[in-house]
Structure formats: structure tokens, C-alpha cells
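Take a look at the charged side chains in this model.

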Amino acid sequence: MTKNEARTLLTRRQILASGVATAAAMPFLTKAEAAAAPESRAAGLRLTAGTRTLAVNGKPARVFGLTGPNGNPGITLLPGERFHVDLVNQASASTIIHWHGQLPPWRQDGFPWPQTPPIPAGDTHSYDYAPIAGTYWMHSHQGMQEQSLMTAPLIVRSAEDMHADRQEVVLMLHDFSFQTPDELLAGLTKSSGSRSAMPKSGTDKAMNMGSGDMGAMNPGTMGAMNMAPGTAMDLNDIEYDAFLANDRTFADPEVIRTEQGGRVRLRLINAASATQFWIDLGALTGTVVAVDGHPVRPVRGTRLPLAIAQRLDVLIDLPGNGAYPIFAQVEGKRTRTGIVLAAPGAPVSRLAAEAGENAPPVDLSLERRLEAITPLAPRAPDVTHRVILAGAMAPYAWSLNGEYWPNVTPMMVAHGQRVAIEMLNHTMMAHPMHLHGHAFQVVAINRAPLAGAVRDTVLVPPMGSVTIAFDADNPGRWAFHCHNLYHMMTGMMTEVRYPAII
């Protein structure tokens, strides 16, 4: 089979399996395998950034979109293919697209540094690097375009995926508002969309929890379960109009037909800007085999937490010939969305848009159970950075080590170092922290050592801490930020920087 024939076959399967995209890939390529990937094709795959009209609960909405060469959202690559992509900007504004979780050279990462400015409307920019296999996604890093659905799946298939006897399904989640992102931010800052409420300097103070200096806490005094009586976590900054699963609500959910007693690989992507979900498999039990594209030792479950920007790969064996809803319920609310897996001819009942009770806050219950298949090589950190996550709802401003983007001091590391970052959350909100250009391992929660997952986004719970470690093997300028879009926009971002060894 030629590569073009394989791509055509994959496209047919995509159409059958999912209206968004058919995904792929558990085992990720090693650096040696990535370096050995075939040379790029003569012409890049065309990815178009544009606008489209989406019907949400019967009302039209104008949103962005990222459309791949086969007309589906995003891009799926076959084993060994390079990420050779021509990004064509047909949107009405400048944009720049970040390949979330991938490890390209920093100038191809899709972040608006002075050296890599946004792509003007009407222009085309080309990318060419050896990708790592797994379930990833792409989104705009220009302003708040992500909230307006400038997002799509990015799937890199492995040879194992091509031989697996499983139907592949992507479930991509969004939060949606008929208000513009600027209006949503203005409602939070009470300043007509400006950041005038942001403190000018100095270190933020945590909410009055009587917590003292978190840096002096021992593991037994940290974490949300040790909050003072009467205190509560802050959840869901924004009241959204809808929550979407593959661009649809439960008023008209996507129904994906499976084989009788089918075997499914479910690719879950939380592309929401400010919402965290519990994935409820209903009558089904799934096996988590990868997080953020990187394989983990199998973990069985029926209810799985999914923080902003995170991904889960879940294997599901359908028990019969019925219809099986996959729910995504908003933390702290009854509201939910989802899709339906249904055998041929199985009737699909109307699904309630609300669960019977509120979902709890998304937590680290799954994170503590995860163990990487390919962890970092044993090695003590050469340097440890402590990062204080601070801020509050009023004034609405969020910081890292008392600094607000873009007025930050870069976190300098050296090429070749093993770097540890201890993140201490002094706020009453959980923060999904994402490091560009690197895959890190979770090595401690609340200072309790852990041989955890390798991933690119980790949730730091209120009044708790998470420590990650990574090898500084991809020199350049790398954003490190909270992936709650509104926290990032009001300051919660910094830079990890190091030059190459010449």
C-alpha cells in the first residue's frame, strides 16, 4: 500500500468513525526513531485557518476553524511521516498555531515571540519537523482565538496503531459562549476588557486561608483536603452558553456507529478554554493507556478526570449491541455533553443535558495512579526551580512568582540539565500548567514522591503542590503557563529559556 493509498483509507475510516477526526497513537517515537523518520514530502499538507458558522442549540455562531487536507478538522499523520505542513491563514485576522505537546524546534512551536510573529491574514507559513506519535492537539496562541474554536486534533499514528484491531474515535471538548472572548474577559476584570485591575508589582497574597508560608509546609499540611473549615474552591470562572463534544451539544449529539461488540480506542481532548470535565463512561469500563500522548501502564476506570488541555487515550470493549453514551460533565455542575457509541441499528434515546447531581472538582485521583511506560532515566535534578502560583478572583489577576506576563524574569536553565520545577499553588483555584517544547514527568504531589506519568500538562490543586522533572534537551524560548485562557491572559505565564551548547 502506498502512503497516499493509506491516507485515503484512513480518511474513509475517519468519516465512518467520527465527525471530527479519527485519532491514533499510543507509543511515542524515541528521539532516534524520530530522527530516522522519512524525509518530508515535496509539498506540505495544507492546513487552513479560517472561519465557519456553527449551530449551537439552534442558534448560528461565527467561529474559527482549522481544516486539514481531507476537509476534516486538524491533521492525522501516518507512522514515520514528518510534520510538513503549510498553514494557510484565511481567517480575518493574524494568527499563530501552537502544536500542543509536540517537541519541535522552538521557532516552529507556534508562540508569538518577537522572532516568530503571528501570520498575517492571507499569508502562508510552512513547518517541517519530526513529530512524536500520540494524541495531541493544535490551537491558536494569538490573543483569545482559542476561545472562538481556533483548535483541532493533531494525531500522529504509530505502527502499532495501524495494526491494532480497534475503531478509533476522537472526542474533543469545548466550552462555548455567544459573547466574544473580550466580553468574557471584561466580565471577569470589570474593566471593559483591559487588565487595569492587575497588580502592578509585588508578590500576590493567597486568599486569607491562614496557610502561612507554603514553602515551609510539610506534605501532611498541603492539599485541598486540608483547607480551613468553611472555605471552598473556586470553580468555573465563566457561565458558558454551551459545552460541545465534537462541535455538538446533547441536544443533537454525535452518534458513532460501531461494530457489534466493537473494540474502540477513544481519544479524549479537553480543548476548553476554562472548563474541566469528568469523563463518565456510563455502563462501560475503560482502560487508560496514554495521557497527553505518552503511554502509561493500564489503569481501569469508569469515571476519569480531564483537566484543561489534557488528553486521555482509553480502550473500551463494548459488551453488546446497544447504544452507550460517553458523558463529559462539567466540574461543580450538573451540565454535561458527550457522544454516543452505538452498534448498527441500535436505537439511541434522547439524553438529558444534566446529570442527577453536581460533579465534584476535578482532582488528582487518576494522576496518583499513573505510571509512565517510558519514564525519565534515573538522575538527580541539576537544578530545582520553585514557582508560586498566586492570584484571586477580585481583582481578577493571576501570577507566577509574583510576576505578570509579559513583565517576567525568564527561568534560565542550561542545555543538558535535569530540571525540576516545584509548583506551589497559593490560590483557591486549580491550575492546569503546561510547558511548551518538553515532555516532563510528574515526580511528586504535595511533596510525596511519585514515579508518575510523562506528559505536558498537569493540574496543580488549590493550596497544593506538584513537582515535575524534564531534561533540557530542546534549547530555545519556551512558554510555561496556566492553560486556563483567562488566567494566562491576566498574567499567569512565564518563560523557560536556554541556548544550545555549541
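Contact here means heavy atoms within 4.5 Å. Leaving aside neighbours within four places in sequence, Asp-247 is in contact with Arg-52, Leu-54, Leu-149 and His-174. This is a predicted model, where local features need pLDDT of at least 70, side-chain atom pairs count only at pLDDT 80 or more, and totals for chains, interfaces and linings use all residues. Residues are numbered from 1 along each chain as its sequence is written, and side-chain values use heavy atoms, with hydrogens and water left out.

Asp-247 sits in the loop between strand E10 (242–245) and strand E11 (255–257). Strands (E) are DSSP runs of at least two residues, numbered from the N terminus. Asp-247 counts as buried, at 16% relative accessibility. Buried means under 20% relative accessible area, exposed over 50%, and partly exposed in between (1.4 Å probe, protein chains only).

Now the salt bridges. The structure holds 24 of them. Each is a side-chain nitrogen of Lys or Arg within 4 Å of a carboxyl oxygen of Asp or Glu. One joins Arg-303 and Asp-280 (3.5 Å, N to O). Arg-303 lies in strand E16 and Asp-280 in strand E13, so the pair ties together parts 23 residues apart in sequence.

Asp-471 and Arg-418 also meet in a salt bridge (2.5 Å, N to O). Asp-471 is in strand E29 and Arg-418 in strand E23, 53 residues apart. Asp-471 is partly exposed at 23%, whereas Arg-418 is buried at 5%.

Glu-422 pairs with Arg-447 in another salt bridge, the closest N and O atoms being 2.6 Å apart.

Definitions and conventions:
Helices (H or I, at least four residues) and strands (E, at least two) are DSSP runs, numbered from the N terminus.
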